[in-house]
Amino acid sequence: VIRCRAAVAWAVGKPLSIEEVEVAPPKAGEVRIKIVATGICRTDDHILEGSFPNVDFPVIPGHEGAGIVESVGEGVTSVKPGDKVIPIALPNCGECTFCLNPESNYCLKSHFSESQSLLPDRTSRFTCKGKQIYHFLWVSTFAEYTVIPEYAVAKIDAAAPLDKVCLFGCGFPTGYGAAINTAKVKPGSTCAIFGVGGVGLSVVMGCKAAGASRIIAVDINKDKLAKAKELGATDCVNPRDFKKPIQEVLTDMTGHGVDYSFEAIGHADTMTAALASCNMNTGVCVMVGVPVSGSVLSVDPMLVLSGRTWKGTLLGDSIPKLVSSYMEKKFNPDLLITHTLPIAKVNEGFELLRAGK
């Protein structure tokens with residue numbers, strides 16, 4: 001058993017508490033990882049607000065991390081102690097009907113199909129003050145050590161800087177993959193991205209890599225629009241600068257609406273606006289932002305009847321492949337990192353996130 005620090009969420013609405021936790025050794029088919037760096041994703045904030053489904057408390061959040069394998073359980077063959085790895089919040093068991101479909105990027109073992117608050121054998125590897133602590137998405141990167149099923153661990157390039165590639169655990173591949181793999185953005189096309197936080201900026205980078213000729217960033221935060229321009233946006237639009245709905249603004253700018261639109265916020269109203277802002281016949285709108293649990297959309301069916309495609313995406317790209325491309329300097333997600341803090345200041349990190357900084 002390893003004793004180490006972790007940021008524990010004891011209850012909804014409470015700040016995280018830095019505690020000493022015990023992390024049990026990995027069982028068969030499991031890997032214990034020393035987490036070196038973790039990003040803070042908006043989804044972690046949803047847990048603390050109580051708006052993410054099927055999360056049990058007390059829990060160790062965090063799902064965007066990178067680390068080094070400390071030990072492996074019986075039968076583990078894909079990684080060994082010392083390997084650099086990224087835990088995957090959306091696993092690939094390799095055996096379910098979804099994993100066996102080459103076009104699928106979703107596993108039936110994922111949290112949206114069955115809760116991942118406990119490991120697959122329905123027990124936890126974390127205890128604190130004599131209490132069982134739950135896992136989050138089997139990942140729990142807000143702990144200095146964590147235990148994860150082998151099929152939810154991706155081995156990466158040994159030279160990769162863990163404090164940078166931790167973003168590849170969730171935010172970067174989700175946004176970049178939404179453009180490259182889910183929307184399949186074509187060269188010369190026009191794109192609009194609603195919300196240019198970490199994920200939306202990754203969509204901007206994906207659209208640029210795909211050769212889009214016009215990339216329109218939409219946000220109410222001027223600082224984020226400036227960052228979007230730096231990463232490849234050709235136009236920046238603040239909806240507060242206009243009297244009319246944003247979908248009308250984008251349609252006026254482009255003639256018939258954009259070829260591809262992406263919603264990276266997670267609000268029902270911006271999801272509908274993103275759908276309405278793409279071309280009514282061949283436009284593709286991709287939902288990337290996670291809505292609050294229980295959200296409902298109300299949409300005029302004519303928006304889809306004329307031919308638009310509306311789809312969602314989760315973690316849209318291969319992590320080891322992206323890390324290799326990063327090492328070859330094909331893109332630079334380092335620009336997404338605004339602050340670096342020790343784990344003891346995790347609550348300050350959430351304050352910065354909520355303040356849009």
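This is a predicted model: local features need pLDDT of at least 70, side-chain atom pairs count only at pLDDT 80 or more; totals for chains, interfaces and linings use all residues.
Residues are numbered from 1 along each chain as its sequence is written, and side-chain values use heavy atoms, leaving out hydrogens and water.

Back to our helices, which are DSSP runs (H or I, at least four residues) numbered from the N terminus. Helix α6 covers residues 246-254 and helix α7 residues 268-277, and they pack at about 20° with their axes 8 Å apart. Axes here are lines fitted to C-alpha atoms over the stretch in contact, and angles run from 0 to 180 degrees between N-to-C directions.

Which residues make the contact (heavy atoms within 4.5 Å)? On α6 they are Ile246, Gln247, Leu250 and Thr251, and on α7 they are Ala273, Ala276 and Ser277. By class, that gives 4 nonpolar, 3 polar and no charged residues.

Now compare α1 and α10. Helix α1 (residues 42-49) packs against α10 at about 105°, with the axes 11 Å apart, so α1 and α10 are roughly perpendicular to each other. Arg42, Asp44, Asp45 and Leu48 of α1 meet Phe350, Leu353 and Arg354 of α10. In this contact we find 3 nonpolar, no polar and 4 charged residues.

On to the aromatics. Searching the whole structure turns up 11 aromatic pairs; rings of Phe, Tyr and Trp (its six-membered ring) pair if their centres lie within 6.5 Å, with planes under 30 degrees apart called stacked, over 60 edge-to-face and the rest tilted. Take Phe168 and Phe172: the ring centres are 5.0 Å apart and the planes at 45°, so the pair is tilted. Phe168 is buried at 0% relative accessible area, and Phe172 is buried at 1% (buried means under 20%, exposed over 50%, partly exposed in between, with a 1.4 Å probe and protein chains only).

Phe168 also pairs with Phe331, with centres 6.5 Å apart and planes at 35°, so this pair is tilted too. Phe168 sits in the loop between α2 (162-165) and α3 (171-183), and Phe331 in the loop between α9 (319-327) and α10 (346-354), so the pair ties together parts 163 residues apart in sequence. Phe331 is buried, at 11%. Finally, Phe168, Phe172, Tyr176, Tyr326 and Phe331 form one aromatic cluster.

Key:
Helices (H or I, at least four residues) and strands (E, at least two) are DSSP runs, numbered from the N terminus. Angles under 35 degrees count as roughly parallel, over 145 as roughly antiparallel, 65 to 115 as roughly perpendicular and the rest as oblique. Contact means heavy atoms within 4.5 Å. Ala, Val, Leu, Ile, Met, Phe, Trp, Tyr, Cys and Pro count as nonpolar, Asp, Glu, Lys and Arg as charged, and the others, Gly among them, as polar.
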